[in-house]
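Thank you all for coming. I would like to walk you through one model today, beginning with a question about a helix and then moving on to rings and charges.

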Amino acid sequence: MHLNGKRIAILATNGFEQSELEVPRDKLKEAGATVDVISLERGEIKGWDKKDWGRPVKVDKTLQDVSPDEYDAVVLPGGQINPDLLRVEQKALAFVKDMYDQKKVVAAVCHGPWLLIETGIAKGRRMTSYKSIKTDVINAGGKWEDKEVVVDQGVITSRNPGDLNAFSAKIIEEVKEGRHTARSAA
């Protein structure tokens, strides 16, 4: 159990890509971390599973109930709907930016990097994303790479569900390393 005592936030809302929430959540729990699914409202959020609505996932806490101080990392699942809804929510953006500013691990997959773009974290950062938002990343000043996982000072990005094993393994590795004190603020 590599991550005993570590707390990980998964920030999501309706329309998250099913596997992009569930695979990291399950792998982080297997590694010993406490994982909270955080959303805008209490209850459940519903995933998107390839071409249709997927299974609901229980929300553990709402954004208004948590502080970045409580967590060692934040995971941002993709799907098109989920990050598009979150990137207009100031509390969601503030949570991600605060995690980054505290030099904690920030991990985003697929369309999740939209939140890194919106918060200014993408600027000057090596990263990847789903291919359809490559131009968004570049226009935000990111240095886009076509790799299954890209890490730049504790900011972890991946492209799609096919990258989830590498993405999850890299989150575990980076959380074990701790805060990224050499990271410059966005």
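This is a predicted model: local features need pLDDT of at least 70, side-chain atom pairs count only at pLDDT 80 or more; totals for chains, interfaces and linings use all residues.

By about how much of a helical turn are Glu-173 and Lys-170 separated in helix α6? They are separated by about one helical turn, because they are 3 residues apart in that helix. Residues are numbered from 1 along each chain as its sequence is written, and side-chain values use heavy atoms, with hydrogens and water left out.

Glu-173 and Lys-170 form a salt bridge, with the closest N and O atoms 3.3 Å apart, where a salt bridge is a side-chain nitrogen of Lys or Arg within 4 Å of a carboxyl oxygen of Asp or Glu. Glu-173 is partly exposed at 35% relative accessible area, and Lys-170 is partly exposed at 21%; here buried means under 20% relative accessible area, exposed over 50%, and partly exposed in between, with a 1.4 Å probe and protein chains only. Helices and strands, for their part, are DSSP runs numbered from the N terminus, with helices being H or I of at least four residues and strands E of at least two. Other salt bridges share partners, and these join Glu-22, Asp-49, Lys-50 and Arg-55 into one network.

Arg-159 pairs with Asp-146, the closest N and O atoms being 2.9 Å apart; Arg-159 lies in the loop between β12 (155-158) and α6 (164-177), and Asp-146 in the loop between β10 (143-144) and β11 (149-152), 13 residues apart. Asp-146 counts as exposed at 55% relative accessibility, whereas Arg-159 is partly exposed at 21%.

Turning to the rings, the structure holds 2 aromatic pairs. Trp-48 and Trp-53 have ring centres 5.0 Å apart and planes at 80 degrees, so this pair is edge-to-face. The rule is that rings of Phe, Tyr and Trp (its six-membered ring) pair if their centres lie within 6.5 Å, with planes under 30 degrees apart counted as stacked, over 60 as edge-to-face and the rest as tilted. Trp-48 is partly exposed at 24%, and Trp-53 is partly exposed at 41%. Tyr-71 and Phe-95 are also edge-to-face, because their ring centres are 6.2 Å apart and their planes at 65 degrees. Tyr-71 lies in the loop between β6 (61-62) and β7 (73-76) and Phe-95 in helix α3 (residues 90-101), so the pair ties together parts that are 24 residues apart in sequence. Tyr-71 is buried at 1% relative accessibility, and Phe-95 is buried at 4%.
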